[in-house]
Amino acid sequence: MPSYRRHPLVVPVLLCAAVVLAARPTTADGEPGGDGVGDGPGSGLSARVARLYEEAAVATQQYEAGRVEAEAQRAKARRLEQLLGRERQGITVLREDLGRIARAQYRGGGGLPVAAQLVLSSSPDKLMRGQHVLARTNMTVGNAIGRSRRAETRLAADEARAAGARQALERHTAQLAVLKKGIEQKLEQARWQLQGQADASVAAGACRGSERLDGSPTNDKGKWAVPVDGYTLSASFGSGGARWASRHTGQDFAVPIGTPVRAVGAGRVVRVSCGGAFGIEIVLRHADGYYTQYAHLASVAVDQGENVTAGQWIGQSGTSGNSTGPHLHFEVRVTPEVGSAVDPVPWLAARGAPVG
């Protein structure tokens with residue numbers, strides 16, 4: 001056994017480490033607490049959902065762009081095909097005109113050579129003028145047919161190139177569709193894993209801690225923002241229903257699980273809690289004295305007492321607590337407590353963040 005007498009500082013250092021470890025807070029399932037970053041099994045799931053959320057958005061944009069471009073190429077090919085059809089019809093008409101001229105020439109001359117017609121004609125000068133006009137007419141029609149044939153060749157080449165480009169785009173769009181579907185499947189699986197963690201936290205009445213989300217956007221200082229993107233408005237402020245003891249106290253934004261939730265304005269986090277009807281919730285206090293609440297979350301990305309900026313991601317939407325489906329419950333209050341809510345839609349609109 002090694003002797004600690006040779007290293008008199010070892011024992012105090014070990015004692016200090018033991019005190020620090022003993023003093024760390026623990027979560028409901030006995031794991032070390034702290035800021036929640038990298039805590040416990042499933043760590044990084046919130047960030048993974050956020051990344052997949054962005055990847056799905058990019059894949060959707062690329063797929064839609066490819067689909068639109070493929071449709072434009074199909075329309076171009078249809079236009080070229082119509083032009084080619086008209087050009088071919090024109091050549092047919094010109095050929096018919098040339099045939100009529102030839103037949104008329106044959107009938108007028110009786111099938112005799114021009115020299116014989118000159119000998120037998122009562123007016124050689126008149127005959128020569130007629131032959132000159134006829135030759136010019138033949139040349140004009142022949143030139144027109146030549147031009148039409150060249151135009152037909154060009155149009156056919158353009159049509160072939162357009163068809164090739166369309167087919168390449170359609171193959172690329174099909175590949176994008178497969179990529180998009182794969183990302184969405186991964187995202188859906190990760191979303192419900194995240195929601196499972198949220199449900200476990202709510203059941204235990206203890207939050208896992210915050211997990212920071214990379215790429216959190218911010219607005220200009222003093223600006224206000226709508227709390228989520230890509231939403232559908234569902235239950236509105238003051239609406240009634242069997243789900244609430246009285247009237248609905250906020251505005252619901254129907255969004256998928258894992259949708260980044262942003263602070264509508266700069267403020268301070270006065271509450272991060274798990275459990276109860278609101279599930280996982282965050283309450284912010286703003287400089288003008290109002291409070292905003294973000295409820296039924298799947299994760300949080302801020303800590304109590306932290307200052308946040310307008311537009312900063314503070315968590316991810318979910319369906320924790322008393323919730324019938326994935327959505328963000330958003331409230332504006334004059335105090336941090338339930339029962340002091342005001343209609344959030346005109347409140348946001350008055351601050352330059354209209355909801356619609």
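Trainee: Is Cys274 buried or exposed, and what is its relative accessible area?
Mentor: This is a predicted model in which local features need pLDDT of at least 70 and side-chain atom pairs count only at pLDDT 80 or more, while totals for chains, interfaces and linings use all residues. Residues are numbered from 1 along each chain as its sequence is written, and side-chain values use heavy atoms, with hydrogens and water left out. Buried means under 20% relative accessible area, exposed over 50% and partly exposed in between, with a 1.4 Å probe and protein chains only. On that scale Cys274 is buried, its relative accessible area being 11%.

Trainee: Which residue forms a disulfide with Cys274?
Mentor: A disulfide is counted where a pair of cysteine sulfur atoms lies within 2.5 Å, and the count by this rule is one. The sulfur atom of Cys274 is 1.9 Å from that of its partner, Cys207.

Trainee: What handedness does the disulfide have, and how many residues apart in sequence are the parts that Cys207 and Cys274 tie together?
Mentor: The torsion about the S-S bond of Cys207 and Cys274 is about 115°, so the disulfide is right-handed. Cys207 lies in the loop between α4 (124-204) and β1 (232-233), whereas Cys274 lies in the loop between β4 (267-273) and β5 (280-286), so the parts tied together are separated in sequence by 67 residues. These elements are DSSP runs numbered from the N terminus, helices being H or I of at least four residues and strands E of at least two.

Trainee: Which residue in β6 is the bridge partner of Arg285?
Mentor: Two strands pair if DSSP finds at least two bridges between them. By that criterion β5 pairs in the antiparallel sense with β4 over six bridges, and likewise antiparallel with β6 (residues 291-300) over five bridges. Arg285 in β5 stands opposite Arg268, and in β6 its bridge partner is Tyr291.

Trainee: Which glycine in the turn between β5 and β6 has a positive phi?
Mentor: In the hairpin of β4 and β5, with six residues between the strands, Gly275 takes a positive phi near 110°. The hairpin of β5 and β6 has four residues between them, and in its turn a positive phi of about 95° belongs to Gly289.

Trainee: Which residue has a positive phi of about 65° although it is not a glycine?
Mentor: Most residues other than glycine have a negative phi. The residue asked for is placed in strand β6 and counts as buried at 5% relative accessibility. With a positive phi of about 65°, the residue is His296.
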